[in-house]
Amino acid sequence: MSEPRVKRIKTCLPLCKTHVTSDASLARQNFPIVVEESLCGVSTLLMEVSYRLEALAKIFEQSDLALPRVSAYFHQESEKELKQAEAMLQYLSQRGGKYCNKNIQVCAILPAVEMMLNQWKEEMSVMLELIQLAHEYGDPHTASVIKSQFIQPLVPKVKLIGDLLTSARRAGCTNDSTGGFGEYLIDRLQETLTNA
């Protein structure tokens, strides 16, 4: 017998539109369908963020830009986001849930960093909303896991990329692909990128 559909609370969480619930799973216990759908959607969002960061890394590896430290930072963050997505999918599987499967054109540091900051801010708000949803549906375990494994590591990233954005603006980085001394300075002076 399937779990009855409950009225969905208005939310901005990314949902899996083609989600198939796993009622037959023996591991499923006290796991609201709404939370399962949201975890599936958020894990997809994390994979998309990872993809975008990797695409940015490849853009800054190109010979016309050649900013190796910036590229290494984007690659490193892409791997971290992918690990977060994999951790969320593993948690979804442990709870008896199912995962359903579903063109970046940036050529300068300033828009790339702005895009990354916006992605992480969106990710942060989605995670906070996921915690709220889990609490409202009586699932404190999910709320605790999301807070400790997904939000706490995100806070220093948002701070670092915000500082980088400020530094890039002060150094004179632009939104066009011409590049200049500002981009060179950011690449050379931001050794904290790959050490973060």
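Thr142 is found in helix H4 of this predicted model. With a relative accessibility of 0%, Thr142 counts as buried, because buried residues are those under 20%. The side chain of Thr142 makes a polar contact of 2.6 Å with the side chain of Tyr91. Beyond its neighbours within four places in sequence, Thr142 is in contact with Phe31, Val35, Leu39, Tyr91, Arg95 and Ala134.

**The chain as a whole**

The chain contains 7 helices and 0 strands. Read from the N terminus, its elements follow the order α-α-α-α-α-α-α. The chain has 196 residues, of which 46% count as buried.

| Helix pair | Axes come within | Crossing angle | Handedness of crossing |
|---|---|---|---|
| H3 and H4 | 8 Å | roughly 165° | left-handed |
| H2 and H4 | 11 Å | roughly 165° | right-handed |

The axes of H3 and H4 cross at roughly 165°. This angle makes H3 roughly antiparallel to H4, since angles over 145 degrees are counted in that way. On the H3 side, the contact is made by Met124, Met127, Leu128, Leu130, Ile131, Ala134 and His135. On the H4 side, Thr142, Ala143, Ile146, Lys147, Phe150 and Ile151 take part.

For H2 and H4, the axes likewise cross at roughly 165°. H2 and H4 are therefore roughly antiparallel to each other. Here H2 contributes Gln84, Ala87, Met88 and Tyr91 to the contact, while H4 contributes His141, Thr142, Val145, Ile146, Gln149 and Phe150.

**The largest nonpolar core**

The largest nonpolar core has 51 residues, and within it Leu39, Phe74 and Met88 touch the most other members. Two or more residues of this core come from each of helix H1 (33-61), H2, helix H3 (109-136), helix H4 (140-151) and helix H5 (154-170). H3 supplies the largest share, with 14 residues.

Which residues does Met88 contact, leaving aside its neighbours within four places in sequence? They are Leu39, Val42, Ser43, Leu46, Met127, Leu130, Ile146 and Phe150.

Is Ser78 buried or exposed? Ser78 lies in helix H2, which spans residues 68-94. Its relative accessibility is 4%, so Ser78 counts as buried. Not counting residues up to four places away in sequence, Ser78 touches Ser50, Leu53 and Glu54. The side chains of Ser78 and Glu54 are joined by a polar contact of 3.4 Å.

The other serine is Ser71, which is paired with Glu61. Glu61 is found in helix H1. Glu61 and Ser71 are 10 residues apart along the chain, and their C-alpha atoms are separated by 5.8 Å. A polar contact of 3.4 Å joins their side chains.

Note on methods. Residues numbered from 1 in each chain as written. Predicted model: local features only at pLDDT ≥ 70, side-chain atom pairs only at ≥ 80, totals over all residues. Heavy atoms only, no water. Helix = DSSP H or I, 4+ residues; strand = E, 2+ residues; numbered from the N terminus. Buried < 20%, exposed > 50% of the residue type's maximum accessible area, 1.4 Å probe, protein only. Polar contact = N/O pair within 3.5 Å; in protein donor to acceptor, adjacent residues only side chain to side chain. Contact = heavy atoms within 4.5 Å. Core = buried A, V, L, I, M, F, W, Y, C linked by side-chain atoms within 4.5 Å. Axes fitted to C-alpha atoms, helices over the stretch in contact; angles between N-to-C directions. Parallel < 35°, antiparallel > 145°, perpendicular 65-115°, else oblique. Left-handed = near helix turned anticlockwise from the far one by under 90°.
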